[in-house]
Amino acid sequence: MLAPQGAVEGTLEAGLQFKVRSQWSYARMRFFRHRLALLGLFGLIVIFGAGIFANYIAPGGFSKINLNDFQYLAHPSSKHLFGTDEIGRDEFNRVIWGIRTSMEVGVFVAIVSSLIGMFVGAVAGYYGGWIDNLLMRLTDLVLTLPALAILLTASALLGQGSQWRISGILVAFFWTGIARVVRGVYLSLREKEYVEAAKASGAGDMRLMFRHILPNTLGPIIVNGTLAVGTAILVEAALSFLNLGIKPPTPSLGGLINEGQANPQQWWLTIFPGFTIVLIVLCVNFVGDGLRDALDPAQRRVRA
Amino acid sequence: MPDPVLSIRDLVVEFKTEDGVVHAVDGVSYDLFPGETLGIVGESGSGKSVSTLALLGLIPQPPGRIVSGTADFKGRDLLMLKKKELRRVRGNEVAMVFQDPMTSLNPVLTVGSQLGESIKTHYPDEKKEVVKQRVIELLKLVGVPNAETRYDQYPHEFSGGMRQRAMIAMSITNSPALLIADEPTTALDVTIQAQVLEVLKRVQEETQAATILITHDLGIVAEMCDRVLVMYAGHIVESGDVETIFRSPRHPYTIGLMDSLPKVTEDEEWLRPITGSPPSLIDLPPGCPFHPRCFLARERCRQENPPLAPVEGSAHLSACHFSEELIGHKSKFSQEAVA
């Protein structure tokens, strides 16, 4: 498409049209060719959409009890899609609102921990030397802590709390992965000639770090951030399942399973929220994989 | 003669390595006058690039270290500037064109926005449209066709020659008083080289920037430069105006460089390389650093490093004890003498 330069300037001038296509549009093309990723994206849109529009899909909130037609521990039926729990609350409503809670936790944790990790990684990788050492040892420290034990202890000490408190605790652990990835990328990119060229044109540290290098690291950051959504939802579910997570009556998917445990005969109380968690995490991971392939074609694994 | 724009005295740059200290630049002094183009030639590792990178504080420190020297630029010593002051000089008063245009542009930013960056770095309050207009003008100046379309393109959509044009445009965005081009055409193929040099020439006429052109290609020097410095092992071994040096070189190394060029006019079977290889900069030979490879070498050369001294008028300097023997030298006898 590109004719040899210079020699044919005349013809170029004469109206050869160049199609401007950014790296992002290439990435988008690759992503949309990835079938599993599309499936995952579709699933996520449906599930998270349900969470976002919970007020419309499950009006009346998560504790609504229909007193006119009171049924507790009712089987799934057309009236109560997912059945009802032991005090007659509609399980479908609870799952939808649980999705919203879990989604909020997952997205919040992913975004905040990505930002923190990005910043720590950028500073460590860009400056190197003792700053790098200090920040990375701190990261190692957090990474070597047995996360689950600490999470349990922290949650136990703090008790059950709002979803934001749980999110905060999760963020404290989740930033490390992204920090390490970002640092690695910065370490290699800061030696690139275009960074030197930018430096030679007078750019300061901040400009080099965030304007010139950061856009080159967005690929791994986005991929990691996406996958972090799934992991955060899983961990939150685990904590809530152990009664150390989000405080009832706010429903979270893990909490719902925990409540369902009390009534093992009523399978619908555990299967539906459990299945929802599996679906969400699966979809998130499909999307994450698709993004990885789209944003980093060099690392593309061969798909059957 | 007018006052020099840049005046470097006794520049010494070292690098610490595991094997010892590398004396990359060892006592280099020269002047650069307004509007002139100064060529610096020499083999890889002769210190050509380092001597200019040092001016902008672009030498990684550590392991690099500027041991001594001054670089007077518009009444200031560049080597003594603070980091912040230096940043204001870079890309503004002193700009640089790098060797490899394929890697010197950021792959994720459009060419236009990168050029705009170098304006906004120094003039953060400039309006967006003004910056864009200026960038498009610059792209036109360096001969990028369809500048308006090209503005929004990414570097991978540019060919090598176009990228180097863009890099040149980037270097002159703020009308620098001093332009340093570090082997600007080495990474390009020959046909594109000529065009890029043409652009460089035009740009220089336009901006009247004094230019340092680092190269290992004597052909480029002959075509582009007013004066030339020949560097060897961190030292300047010969300097003078281009015509004089090409007509009557007075240092054996310069002669060796010229003889090693293939000549179109003669039917030669073999090139004539300079025998031996460049010395290790960690462990320079005593005396004249070139003596192990020199066809004139004698006892004195092994003991005494010749100073850079005028040979013919004050403008032509050579660092050779026996430069007088080279008077009237018509190239082409070098290697036999060694053998």
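Predicted model: local features only at pLDDT ≥ 70, side-chain atom pairs only at ≥ 80, totals over all residues.
**Entry 1**

I marked both stretches for careful reading.

**Entry 2: where the chains meet**

Next I looked up the contact between the two chains. I found 26 residues of chain A in contact with 34 residues of chain B. Which helices of chain A supply at least two residues each to the side that touches chain B? I noted helix H1 (9-13), helix H9 (193-200) and helix H10 (205-241). H9(A) gives the most, with six residues. By kind, the residues on this side of chain A divide into nine nonpolar, nine polar and eight charged.

**Entry 3: a covered helix in chain A**

Then I turned to helix H11 of chain A, residues 253-261. I found it mostly covered, with eight of its nine residues buried. Among the buried ones I wrote down A:Leu253, A:Leu256 and A:Ile257, and also A:Asn258 and A:Glu259. What covers the buried residues of H11(A)? My list includes helix H5 (91-127), H10 and helix H12 (268-295) of chain A.

**Entry 4: one tyrosine**

I picked A:Tyr26, which lies in helix H2 (residues 23-32) of chain A. Is A:Tyr26 buried or partly exposed? I counted 15 C-beta neighbours inside 10 Å, so A:Tyr26 is partly exposed; a buried residue would need 20 or more. I also looked along the chain from here. A:Leu295 is 269 residues away from A:Tyr26 in sequence, yet their C-alpha atoms are separated by 8.7 Å.

**Entry 5: the nonpolar core**

The largest nonpolar core has 163 residues. Those with the most contacts inside it include A:Leu170 and A:Ala232 from chain A, and B:Ala166, B:Ile168 and B:Val230 from chain B. H5(A) provides the largest share of this core, 14 residues. Leaving aside neighbours within four places in sequence, A:Ala232 is in contact with A:Val105, A:Gly106, A:Val109, A:Ala110, A:Leu170 and A:Phe174.

**Entry 6: chain B as a whole**

I stepped back to look at chain B, which has 12 helices and 12 strands. How compact is chain B? Its radius of gyration is 21 Å, close to the 20 Å that the globule rule gives for 339 residues, so chain B is as compact as a globular protein of that length. The C-alpha atoms fill a box of roughly 65 × 50 × 45 Å along the principal axes. Of the 339 residues, 49% count as buried. I also checked the contacts in chain B between residues at least 6 apart in sequence: 66% of them join residues at least 24 apart.

**Entry 7: a sheet in chain B**

Last, I traced an open sheet of four strands in chain B. The order is E2-E1-E4-E5, with antiparallel pairing. Strand E2 (20-32) and strand E5 (76-77) are the edge strands, each pairing on one side only. Strand E1 (residues 6-17) and strand E4 (residues 64-73) pair over eight bridges. As an example I looked up B:Ile8, whose bridge partner in E4(B) is B:Ala71.

Methods. Residues numbered from 1 in each chain as written. Chains lettered and ligands numbered in written order. Pairing = 2+ DSSP bridges. Contact = placed C-beta atoms within 7 Å. Nonpolar A, V, L, I, M, F, W, Y, C, P; charged D, E, K, R; others polar. Buried ≥ 20, exposed ≤ 12 C-beta atoms within 10 Å, placed from the backbone. Core = buried A, V, L, I, M, F, W, Y, C linked by C-beta atoms within 7 Å. Rg over C-alpha atoms; globule rule 2.2 N^0.38 Å.
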